[in-house]
Structures are given as structure tokens and as C-alpha cells.
Amino acid sequence: MTRCPIQIAFAKRVKGMTTGQIEELVRYKQRGKGLVDVVAYSAVMGSLARGRDGDGVRAVWRMMVEDGVEANEFAYNARLKACERVEELEEVVAEMEAKNIPFTKHAYTAVIRCLMSHNESDAAIMIFRSLDLRDIRPDHQLVTSVIPACATLQEALQLVRQYLVDRTLEITPAIISALYKLCRVPSDIEEVDTFHAHHSGSTDGYINFTRFTAHVAANLIPQAHTLYTTLRIPSFQAVPHLITAIISSAVPPHQALAEAHRLAEHVTDPRGKPYEALFHLYSTLPNTAELVQNLYAAMPPECHTRKVRAAYHTALINNGCYWLV
């Protein structure tokens with residue numbers, strides 16, 4: 001693909017842009033003078049938003065304003081996805097209303113997800129329920145985004161079933177996984193299992209994992225361990241949850257520690273999650289400072305993440321070794 005100097009100069013201004021995103025920008029360039037139009041800006045911001053690069057979206061937005069390009073609904077959708085504060089979200093929504101920018105399903109999904117990231121569940125539910133008044137039929141992305149706002153599994157199932165009446169809603173693995181995340185007791189898991197078998201039946205690795213974590217949350221540890229082995233859930237995902245469950249169980253502390261180490265021995269996790277869980281377990285046990293230090297010293301270098309170091313320091317502090325932190 002041939003690029004003119006103006007296109008290359010523009011692409012270099014976008015910090016953190018990948019080669020694919022640069023190609024996308026060039027592909028949508030405006031013909032003639034070689035200037036970049038709103039379609040190109042929207043494409044680049046959309047790519048950055050999908051990569052959760054909020055700073056990148058805001059940087060491109062500022063460049064778009066400086067170049068005198070008027071934003072369209074796709075550009076605003078990307079801007080909504082990049083909002084990290086409720087105040088910022090309110091500003092963007094007010095600007096869209098003032099300019100009569102249409103609110104699409106993608107826009108509402110971004111608004112609800114931002115609200116949920118700040119625990120504004122009531123506001124998210126209120127906006128979702130107002131969609132009927134606006135003649136907007138929620139799709140699977142919208143429904144998935146609002147399920148975590150429901151107080152109970154029963155409320156979430158009622159909401160989902162509301163849009164199954166006229167068969168306009170596709171039951172996706174993301175919806176099933178979101179429902180499993182609301183399970184707190186064994187009967188909840190049975191209810192989602194039945195719903196899944198009746199309306200979807202399809203499964204994937206993420207459904208298996210959230211079903212596993214639902215069993216952990218419901219304190220069904222033997223069943224969770226069976227799912228871990230039979231469904232071949234990656235150990236680096238499952239083991240931290242199993243260790244956390246052991247911590248909160250009635251198992252004697254040192255027996256719990258032995259079981260946790262047995263589980264962790266089978267994990268080679270570059271992100272160090274099992275180590276983080278082990279240090280949290282050590283922080284609950286007295287007189288384990290030496291064991292904590294030995295474990296930290298034996299860790300592979302790639303496991304020395306920020307969260308693991310924080311858990312290590314907490315374990316030392318709880319053992320009274322303040323001078324080692």
C-alpha cells in the first residue's frame with residue numbers, strides 16, 4: 001500500500017498505534033488533498049477503544065478537533081468506550097445530545113459498561129429499562145453488559161427472558177458466563193445449567209471457567225476440583241480460585257497450606273497468580289515469615305509482578321516483619 005508523506009506523518013502522531021491500526025487509518029484516508037477524514041479518525045479510535053487504550057482514543061480525539069473534523073456517531077461511540085470517569089461520560093453524553101448525535105446500541109452498551117465499572121448498578125439498570133421507550137431492542141452485547149448490574153440471578157434471568165419472547169435475542173456464551181458469575185448457592189448453578197441447556201447448549205472455555213468459579217463461590221469445592229480436572233481448565237486460572245476457597249474453608253491452616261502448595265506445584269504461570277494466592281494464604285498464618293521469604297526467593301523472575309510483590313509484603317507485615325518490607 002502506497003502512503004503519502006501526510007499520511008505517514010499523521011500515523012506517527014498517534015502514540016501506541018499498531019501497524020494494523022495505521023493501515024486502517026490509511027485505508028480510510030480522504031482522497032484529493034490527502035487529508036484524514038472523520039471515517040479514518042473513527043476507524044483508528046475504534047481500534048484503540050477495542051484495545052482499551054483510553055489515552056490513545058483521547059489523543060486522537062484532540063487531533064481530530066484540532067484538524068477541524070466534525071465527529072460522527074462512530075467517533076462518539078469510541079469516545080464513550082474510552083470514558084474512565086462518570087463525569088467524563090456525562091460530558092460526552094451531554095455533547096452528543098446537544099449535537100443531536102444518534103444513540104445506537106453500541107453507544108448504550110458503552111454507557112452501561114462505564115457505569116458498571118464505577119458500581120453505578122441502579123443507573124445502568126435505569127438506562128437499560130428506558131430502551132423500550134426509545135424503541136431500541138437490546139442485542140446480546142447490551143444484555144451482557146447489564147447482567148452484572150442485577151442484584152440476584154433471578155432478576156437477571158427475568159431480564160433475559162423478557163427478550164426471548166419474540167426470539168430477538170441471541171443467547172451467546174458471554175450471556176451464559178455473565179449468569180454464572182451471579183451464582184452464589186448450588187440452586188443458582190442448577191438454574192443456569194438448565195437455562196443453558198434449553199436455550200443455548202453451546203459451550204466454550206470461558207463458560208467452563210465461569211461455571212467452575214460459580215462452584216467455588218457456592219462453596220462446592222470438590223465439584224469445582226472435578227470440573228478443573230475433567231474440563232481441563234488451565235491451571236493458572238483455576239488454582240488461585242481453589243487456593244482462595246481453601247483459605248475460607250474450615251480446613252486446619254497448615255493442612256490448607258500443604259494442599260495449596262500441592263496445587264501450585266503443577267502451575268507454570270508467567271503472571272504469577274498462584275504465588276499471589278499463596279502469599280495471601282501465608283498472611284493468615286502466624287510464624288511463617290521464613291517460609292514466605294523462601295517462597296519469594298524461589299520464584300521465577302517473570303513471576304515478580306506488582307500484585308505478587310504486594311501480596312508478599314502483606315504476608316511479611318502480617319507476620320510482624322515490618323523491617324523486611
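A salt bridge (a side-chain nitrogen of Lys or Arg within 4 Å of a carboxyl oxygen of Asp or Glu) joins Glu84 to Arg58, with 3.2 Å between the closest N and O atoms. This pair links distant parts of the chain, since Glu84 is in the loop between H5 and helix H6 (86-98) and Arg58 is in helix H4, 26 residues apart. The structure is a predicted model, in which local features need pLDDT of at least 70 and side-chain atom pairs count only at pLDDT 80 or more, whereas totals for chains, interfaces and linings use all residues. Residues are numbered from 1 along each chain as its sequence is written, and side-chain values use heavy atoms, with hydrogens and water left out.

Helices and strands are DSSP runs numbered from the N terminus (helices H or I, at least four residues; strands E, at least two). By this assignment the protein has 19 helices and zero strands. Residues are classed by relative accessible area as buried (under 20%), exposed (over 50%) or partly exposed (in between), with a 1.4 Å probe and protein chains only. Buried residues account for 46% of the 325 residues. The protein exposes about 17,500 Å², of which carbon and sulfur atoms supply 53%; accessible areas come from the Shrake-Rupley method with a 1.4 Å probe, and for residues only the protein chains shown count as cover. Contacts are defined by heavy atoms within 4.5 Å. Among contacts between residues at least 6 apart in sequence, 59% join residues at least 24 apart.

Seven salt bridges are counted in the model. Side chains of opposite charge can pair when their charged atoms come close. Arg58 also forms a salt bridge with Asp55, the closest N and O atoms being 3.0 Å apart. Arg58 and Asp55 are three residues apart in helix H4 and therefore separated by about one helical turn. Arg58 is buried at 16% relative accessibility, while Asp55 is exposed at 56% and Glu84 is partly exposed at 47%. Asp55, Arg58, Glu84 and Glu88 are linked in a network of salt bridges.

A further salt bridge pairs Glu70 with Lys99, with the closest N and O atoms 3.5 Å apart. Glu70 lies in the loop between H4 and H5 and Lys99 in the loop between H6 and H7, so this pair ties together parts that are 29 residues apart in sequence. Glu70 is exposed, with a relative accessible area of 55%, and Lys99 is partly exposed at 40%.

Helix H4 also contains Met63, which is buried with a relative accessible area of 8%. The C-alpha atoms of Met63 and Tyr41 are separated by 9.0 Å, and the two residues are 22 residues apart along the chain.

Pockets were located on a 1 Å grid over the protein atoms alone, a pocket being an open set of points with protein on both sides within 12 Å along at least five of seven lines; lining residues have an atom within 4 Å of a point. Grid points are joined across faces, edges and corners, and a volume is the space filled by probe spheres set on the points. The largest pocket has a volume of about 660 Å³. It is lined by 23 residues, of which Ala49, Arg52, Lys81, Ala110 and Arg113 are the closest to its centre. Helix H3 (38-50), helix H4 (54-66), helix H5 (73-81), helix H7 (105-117) and helix H9 (140-146) each give two or more residues to the lining. H7 provides the largest share, seven residues.

Helix H11 (residues 173-180) is largely enclosed by the rest of the structure, because six of its eight residues are buried. The buried residues of H11 are Ile175, Ile176, Ser177, Ala178, Leu179 and Tyr180. Their cover includes H9, helix H10 (153-162), helix H12 (186-199) and helix H13 (205-217). Thr210, in helix H13, is buried at 1% relative accessibility. Leaving aside residues up to four places away in sequence, Thr210 touches Ser177, Tyr180 and Lys181. The C-alpha atoms of Thr210 and Leu182, 28 residues apart along the chain, are separated by 9.8 Å.

Ile317, Tyr322, Trp323 and Leu324 form a nonpolar surface patch with about 470 Å² of accessible area together. Patches are made of residues with over 30% relative accessible area and no salt bridge, with like charges joined within 9 Å and nonpolar side chains (Val, Leu, Ile, Met, Phe, Trp, Tyr) within 5 Å. Ile317 lies in helix H19 (residues 306-318) and is partly exposed at 34% relative accessibility.

Note on methods: 1 Å grid on protein atoms, 1.4 Å probe; cavity = no way out; pocket = protein on both sides within 12 Å on 5 of 7 lines; lining within 4 Å.
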